Amino acid sequence: MIVITAPTGNIGRRLLSLLVETAPAHGEELRVVVRDPARIPDAVRGRVEVVTGSHGDPATVERAFTGADAVFWLVPPDASLTPEEAYSGFTRPAARAFAAHSVGHVVGVSALGRGTPQAGRAGLVTASLAMDDLIADSGVAYRALANPSFFENLLEEAGSIRENGVFTDTVAADRPAPVVAVADIAATAAGLLLDRSWTGVGSVPVLGPQDLSPNDMARIMSEELGRPVRYERESLDQMRSTMLACGLNEAFVEGMVDMKRAKDQGLDSGVARSPQAGPATGFAQWCAQTLKPAVLATSEAADAH
């Protein structure tokens, strides 16, 4: 029995799609924990057991982890909480349930940075690494998927790319760093959940095929979209002001700022690249398959108005 948390999110829905096709051949049943079962696709809902509720809720995880052999763990960041509350606070009931129900294996979504000079002051990443320690202390065999930033973050910029040919971030324009497609994270998680020959506690970096700077990404986007795209660097103060103006928790905002500062100081560059076990989606391929349709869809929506 494999339990999938956050099965309608960016990573979870891709993982669920993979496991629905592959798990039965491995003799595995699937159970999902979801607040709104209607968000599970109809074609999938009849093939999984559904536990309705939040996986941060003690009663829900008691139901969800009874009889579970493996769990995919992903915390949906909640910007109304402090980083500690959003990660370890949310995870604490699950960690107790892992131990109480003798769950053998857990695969969690985490971040790069452990062991780097920036790890202790990296805001949301520091909170995520503390969550990993909490899970590991429950006694399960644990693999933290150590991820850099996602290609998919750029989908939030589709309108700006179409309107102005611009995307923004807070890191130096010429700083290369790993970047990954969420599909590759899901595929790596699926492999670990289906082949549970691993033991102990460790992290699995999911780095994508190459390090890219924002300027590299702008060049590739320009080529794939057939229009000029450039990078504009936003200051941390600008980012902080924008987020606070949206009414987000001040401590969470500072956690985001600290994370962005740490990334600009090399937080994600502490792992030597080695051949990735799972698929490694190239950025140009992702732009052609995912970003370009999103930009065109934004364009068509604007034209309709």
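**Note on the sheet, its helices and the aromatic pairs**

1. In strand β5, V106 is the bridge partner of V71. The model under discussion is a predicted one, and in it β4 and strand β5 (residues 105–111) run parallel, joined by 4 bridges.

2. These strands belong to an open sheet of 7 strands, whose order is β3-β2-β1-β4-β5-β6-β10 and whose pairing is parallel. At its edges stand β3 (49–52) and β10 (201–205), each of which pairs on one side only. From one strand to the next, the twist averages 20 degrees.

3. Two helices may be described against this sheet. Helix α5 (residues 124–136) lies across β4, β5, β6 (141–147) and β10, and runs at about 170 degrees to β5. Helix α7 (residues 182–194) also packs on the sheet, where it touches β1 (2–5), β4, β5, β6 and β10, and its direction makes about 170 degrees with that of β6.

4. Helix α5 has a helical partner as well: α4 and α5 pack with their axes 9 Å apart and at an angle of about 10 degrees. Because angles under 35 degrees count as roughly parallel, the two helices α4 and α5 are described as roughly parallel to each other. The crossing in which α4 passes α5 is right-handed. On the α4 side the contact is made by P83, E84, Y87, S88, T91, R92, A95 and F98, while α5 contributes L124, A127, S128, A130, M131, L134 and I135.

5. Where in the fold does S128 sit, and which residues is it in contact with beyond its neighbours within four places in sequence? S128 has its place in helix α5, and, once those sequence neighbours are left aside, it is in contact with Y87, V109, S110 and A111. Its relative accessibility is 4%, so S128 counts as buried, the cut-off for that term being under 20%.

6. The aromatic residues deserve a separate point, since a pair of rings is described by the distance of the centres and the angle of the planes. A search of the whole structure finds 7 aromatic pairs. In one of them, the rings of W73 and F98 have centres 6.1 Å apart and planes at 85 degrees, which makes the pair edge-to-face. This pair links distant parts of the chain, with W73 in strand β4 (residues 70–73) and F98 in helix α4 (residues 83–100), 25 residues apart. Both W73 and F98 are buried. Ring pairs also link W73 and F98 with F65 and F90 into a cluster.

7. Another of the aromatic pairs is formed by F151 and F283, which are 5.1 Å apart centre to centre, with 65 degrees between the planes, and this pair is edge-to-face. It too links distant parts of the chain: F151 lies in the loop between β7 (149–150) and α6 (158–164), whereas F283 is in helix α11 (residues 283–304), 132 residues apart. F151 is buried, and F283 is buried as well.

8. A last point concerns L207, which lies in the loop between β10 and β11 (211–212). Is L207 buried or exposed? Its relative accessible area is 6%, and L207 is therefore buried. Although L207 and P148 are 59 residues apart in sequence, they are 6.6 Å apart in space, C-alpha to C-alpha.

Terms used: Residues are numbered from 1 along each chain as its sequence is written. This is a predicted model: local features need pLDDT of at least 70, side-chain atom pairs count only at pLDDT 80 or more; totals for chains, interfaces and linings use all residues. Side-chain values use heavy atoms; hydrogens and water are left out. Rings of Phe, Tyr and Trp (its six-membered ring) pair if their centres lie within 6.5 Å; planes under 30 degrees apart count as stacked, over 60 as edge-to-face and the rest as tilted. Buried means under 20% relative accessible area, exposed over 50%, partly exposed in between (1.4 Å probe, protein chains only). Two strands pair if DSSP finds at least two bridges between them. Axes are lines fitted to C-alpha atoms, for helices over the stretch in contact, and angles run from 0 to 180 degrees between N-to-C directions. Contact means heavy atoms within 4.5 Å. Angles under 35 degrees count as roughly parallel, over 145 as roughly antiparallel, 65 to 115 as roughly perpendicular and the rest as oblique. A crossing is left-handed if the near helix is turned anticlockwise from the far one by less than a right angle, and right-handed if clockwise.
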